[in-house]
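Q: Please take me through the structure below, starting with how its helices cross.

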Amino acid sequence: MSESRPDFETLARAFAAREQSRGIMNECPDPEQLYEAASGTLEREQRLRIVDHVSQCVECSQAWRMAMELGARPSGPVEQLRPTLFSRLHPPRWRVRAKAVEIRLALAAAAMCAIAVAAYLALPVQQQRPQYRDVANPLAPVSLLAENLTRERFMLRWSPGPQGSTYTLRLTTADLLPLLVQQDVTKPEFLVPSAVLGRVVSGEQLLWQVEVRLPNGERVTSKTYVVTLD
Amino acid sequence: MQEVGTLDETGPGLHAAFEARNHHALHRDLERAVRRVCPKSLAEDAEDLVQECFIRLLRARKLGSENTLSAAYIKKVAYSTVVDEIRRRRRRLAADPAPSHVDVETAADESPAPSPDTALGNAMEICLQRLQPDRRRALTLHLLGHSGSEVARILGCNPKRAENLTHRGLAQLREYLNDMGLSP
């Protein structure tokens, strides 16, 4: 507020020195409400009503000042200024420049994205082995079967490992029902007893797999092979 | 001064109610708050007002009010007690213009002698009522000593508008006073 101070002080002093209007005295608000209005904590409508009353009641003006002396002053956030139509139509220069920089940055980002997409679509994909599949271990046993096997001579054969290797053989139905688990096989072949195949119907496919235990203790598992029972 | 109960008369629960706070510290805070707003005419009765504050605090506590011993609540209670007493005395004066027990000094304090400012103040009050409500409120708060941001908070508007209302209200008030032959 930049009014002429002496004039204003005269007015403020006179405002405090005015005489009480007797008619208004019976309508004085409760002191607690007066205190809360001065603190700004009372609801707005009530607050304004009390200010209206204070403007014509000397006693409540004094009480209001007393509340202020006790520290009852409004605190908290002040309502923010809303942008006017003029300020929207005529923004300051710094805001125009900032807006221009924002637009340039957005355009640059969009161009980078477009280049990245084009490069992804246009450049040939490098041919390479899929990384999600393990490379076959050369020591893994490989099936040596060339034909179907009979129930009487169901001999499974596989490539041998180094000298001293032992093998574990697993045989299941196509439904993965285990038929046989033979451990510590010393030769790269195994004759499955016909009793194991008693419930298997001729022409049914069976799955088998060999795990070789190398002399150094390492274990290498073969692929799963399919063999048909004649 | 109306009769107020002493601490001992209010029942055995009083000290228990205030046990969380040192009694002397509470008394000191109340006394400080009362004396800060107590007009000269009530200075002799300040201790009675402090006791009245005690009673009010106790009643509020019995009613289950929260934060009855917070500094802000103590100030509010002290303030209400003093304002109520001032009003009570004014009503008594209004009802009985020449009471036998009111001394001259007190009466003088409560009814100040007319001063050069009084006429201007009375005229201001008339002129204020002619202003638009928003301008009148802003100007009233400014005359009471509130800053621009405080006026904005009380009126619930932004500071720029509060400042505008105050300036325009002040200009209009001066015009009205000039029309009445008063020029501050």
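A: A crossing is right-handed if the near helix is turned clockwise from the far one by less than a right angle, and left-handed if anticlockwise. The model is predicted, and local features need pLDDT of at least 70, side-chain atom pairs count only at pLDDT 80 or more, and totals for chains, interfaces and linings use all residues. Residues are numbered from 1 along each chain as its sequence is written, with chains lettered from A and ligands numbered from 1 in the order in which they are written.

Q: In chain A, at what angle do H2 and H4 pack?
A: Helix H2 (residues 31–39) and helix H4 (residues 58–69) of chain A pack at about 60°, and their axes are 9 Å apart. Helices are DSSP runs of H or I with at least four residues, strands are runs of E with at least two, and both are numbered from the N terminus. The axes are lines fitted to C-alpha atoms, for helices over the stretch in contact, with angles from 0 to 180 degrees between N-to-C directions.

Q: Which class does that make H2(A) relative to H4(A)?
A: The angle makes H2(A) oblique to H4(A). Under 35 degrees counts as roughly parallel, over 145 as roughly antiparallel, 65 to 115 as roughly perpendicular, and the rest as oblique. H2(A) passes H4(A) in a right-handed crossing.

Q: Which residues meet there?
A: From H2(A), Pro31(A), Leu34(A), Tyr35(A) and Ala38(A) meet Cys60(A), Ala63(A), Trp64(A), Ala67(A) and Met68(A) of H4(A). A contact requires C-beta atoms, placed from the backbone, within 7 Å of each other. By class, this contact of H2(A) with H4(A) comprises 9 nonpolar residues, no polar ones and no charged ones. Nonpolar here covers Ala, Val, Leu, Ile, Met, Phe, Trp, Tyr, Cys and Pro, charged covers Asp, Glu, Lys and Arg, and the others, Gly among them, are polar.

Q: Ile50(A) next: where is it found, and what does it touch?
A: Ile50(A) sits in helix H3 (residues 44–54) of chain A. Leaving aside residues up to four places away in sequence, Ile50(A) touches Pro29(A), Gln33(A), Leu34(A) and Ala37(A). Ile50(A) counts as buried, with 24 C-beta neighbours inside 10 Å. The cut-offs are 20 or more other C-beta atoms within 10 Å for buried, 12 or fewer for exposed, and in between for partly exposed.

Q: What is the secondary structure of chain A overall?
A: Chain A comes to 6 helices and 7 strands, running α-α-α-α-α-α-β-β-β-β-β-β-β from the N terminus on. Of its 230 residues, 20% are buried.

Q: And how many helices and strands does chain B have?
A: Chain B has 9 helices and 0 strands. Buried residues account for 31% of the 184 residues in chain B. Among its contacts between residues at least 6 apart in sequence, 62% join residues at least 24 apart.

Q: What does H4(B) reach from its first C-alpha to its last?
A: H4(B), with 25 residues, reaches 36 Å, close to the 36 Å expected at 1.5 Å a residue. The expected span is 1.5 Å times one less than the number of residues. Buried residues of H4(B) include Ile74(B), Val77(B), Tyr79(B) and Glu85(B).

Q: How do the axes of H2(B) and H4(B) cross?
A: The axes come within 9 Å and cross at roughly 45°. H2(B) and H4(B) are therefore oblique to each other, and their crossing is right-handed. The contact of H2(B) with H4(B) has 9 nonpolar, 1 polar and 2 charged residues.

Q: Turning to H8(B), what do its buried residues pack against?
A: They pack against H3 of chain A together with H7 and H9 of chain B. H8(B) is mostly covered, with 6 of its 8 residues buried. Those are Glu150(B), Val151(B), Ala152(B), Arg153(B), Ile154(B) and Leu155(B). After H8(B) comes Gly156(B), whose phi is positive, near 75°.

Technical notes: Two residues are in contact if their C-beta atoms, placed from the backbone, lie within 7 Å.
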